[in-house]
Amino acid sequence: MFQAVAGPEGADQRFSSGAITLAPGFAPFAETGFELQALLSAPSGGGEPIDKVWLAGLFDQLPAAVYLTDADGRISYFNPAAAAFAGREPRLGLDLWCVTERLFNQAGELMAHADGPMAQALREGRAIRNVELQAERPDGSRIRFLQNPTPLFDRFGRLVGGFNLLFELSGRDEARMPDMAEHAADCERLAFRRNLREAIESGAILLHYQPQFRPDGTVIGFEALARWRDPVRGVVSPATFIPAAEEGGLIAALGAHVLRSACREAASWAKPLRISVNLSPLEFQSDELPALVETILGETGLEAERLELEITEGVMVTDAVRAMTTLSRLRALGVRIALDDFGTGYSSLSYLHRFPLTTLKIDRSFVATLGVTLESAAITRAVIQLGHALGIEVVAEGVETPEQLDFLICEGCDLAQGYLLGRPLDASAYAHLTGG
Ligand code: C2E
Ligand code: MG
Ligand code: MG
């Protein structure tokens, strides 16, 4: 069953997920007398189920070719325009590709259907992304093939199918063709969020740990850094998926998973080392954060003093009063607070002594240019002195060379972290430091 905001009363119904609309390029449908604004629906959206028969009736009137797939990627429906492209009636279940005669990749090279990314993806049961093909109709004319089936979710947010559209490359509709790049980007964004949600729910977001050392070479603790290993995308950087999680309403679930995993891991170490966990600005703004931290500390048995939460300067500027309340509640639990990426944001000195911070992390951009620009050395020296004057511990991030480390040690920096000393790795790789 598909979702729609409006009920399936007539062919001129407007469909919308409420939250999501298709790219503006989908205007061609407006000409058909009804606006196919969005046939996809957000998993969280409400609304009545669409009558499949009615939906098929709607598609039948479309001048563009449409096919529907089920959640497994098998074609379950062709409209007459799709059948016309094929020059014959499609054989459902057999003819995954029957709407086209020949396929060309973006470079215009001929491809065997069986080698096409769509066919491969269907065989392997995975999604198709970011591929645009041209296909040849039986009469030799070319069409563009939107390779990203738009997902259809049921009311419980389960993937039940997808639909796809074929448009003529040339001819009367060219001026009104959808913007392929925009459509592909839209689809990719949705697919990305869906996969990210699945990864969070299935525990596929992993943590790597990067050690932090004192000048005498002893380890004081680790920073937990999130990693997403997606079967199709490979390792996705947190710099990409954290903002996507924020946009997609997934950050609370992700943040709680990271915090819980990091605390559980640290609690299992023989040595009582510290663990630093990054908080995104949105997570920090949640009123439930202090309670969540308290619950997780209770659940995992980690001593509060061993947990350090890393925030960035922006959170203190956006809503200083609220930030102060949250930080005070966290500090009251005994948790440490580090200011991450110091020097890259607003760097207002006034909040350094107003807010109950325990740690300043000098951004790696300054460390990287030590010995390259005089300013970096001056700024790094000043930050170390400032931190010490305020009774705040100073950590240098991104230490990559012995020269950088020497400089930092000479200037009295308390702690250092970086590839020179240890890369972010699976906890098992640091068993010799954690005591197992
Ligand atoms: P960050 O908290 O400033 O983390 C330090 C980043 O610098 C990490 O990138 C780390 O892998 C990298 N790094 C460490 N040492 C070196 C070095 O010597 N040279 C260079 N070039 N880089 C080094 P990563 O893991 O890609 O994380 C990027 C950012 O994503 C983090 O910056 C943090 O802001 C965010 N992030 C990571 N994990 C989480 C998480 O679990 N939750 C949240 N909210 N944000 C996270
Ligand atoms: Mg950090
Ligand atoms: Mg940082």
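**A proline, a helix and a ligand shell**

Modeller: Proline 211 lies in strand E11, residues 205–213. Strands (E, at least two residues) and helices (H or I, at least four) are DSSP runs numbered from the N terminus. The model is predicted: local features need pLDDT of at least 70, side-chain atom pairs count only at pLDDT 80 or more, and totals for chains, interfaces and linings use all residues. Residues are numbered from 1 along each chain as its sequence is written, while chains are lettered from A and ligands numbered from 1 in the order in which they are written.

Biologist: Why does proline 211 count as buried?

Modeller: Proline 211 counts as buried because it has 22 C-beta neighbours inside 10 Å. The cut-offs are 20 or more other C-beta atoms within 10 Å for buried, 12 or fewer for exposed, and partly exposed in between, with C-beta atoms placed from the backbone.

Biologist: Which residues is proline 211 in contact with, leaving aside neighbours within four places in sequence?

Modeller: They are Val219, Phe222, Leu421, Gly422, Tyr430 and Leu433. Contact requires C-beta atoms, placed from the backbone, within 7 Å.

Biologist: Let us turn to helix H8. Which of its residues are buried?

Modeller: Leu289, Val293 and Leu297 are the buried residues of H8. Viewed down the helix axis they fall within an arc of 75°, so they line one face of H8; the arc is that of the directions from the axis to the C-beta atoms. In general, an α-helix has 3.6 residues a turn, so residues three or four places apart point the same way.

Biologist: What does the face turned away from the buried side of H8 carry?

Modeller: That face carries the exposed residues Ala291, Gly298 and Glu299. On the buried side, the cover includes helix H6 (251–267), helix H7 (281–285), strand E15 (307–311) and helix H10 (320–333).

Biologist: What follows H8?

Modeller: Glycine 301 follows H8, and its phi is positive, near 80°.

Biologist: Now the strands. How is E17 paired with E16 and E18?

Modeller: E16 and E17 run parallel, joined by three bridges, and leucine 339 stands opposite leucine 360 in E17. Four bridges pair E17 with strand E18 (residues 393–396), also in the parallel sense. Pairing requires at least two DSSP bridges. Lysine 361 has valine 395 in E18 as its bridge partner.

Biologist: Are the residues of E17 buried or exposed?

Modeller: All are buried: Thr359 and Lys361 point one way from the strand, and Leu360 and Ile362 the other way.

Biologist: Lastly, how many residues surround ligand 1, and which are the closest?

Modeller: Ligand 1 is surrounded by 22 residues, the closest being Ala226, Pro238, Ser280, Gly418 and Tyr419. A residue is near the ligand if its C-beta atom, placed from the backbone, lies within 6 Å of it. Strand E12 (219–230), helix H5 (238–247) and strand E16 (336–342) are the elements that give two or more residues to this shell.

Biologist: Which element gives the most to that shell?

Modeller: H5 does, with three residues.

Definitions and conventions: Contact = placed C-beta atoms within 7 Å.
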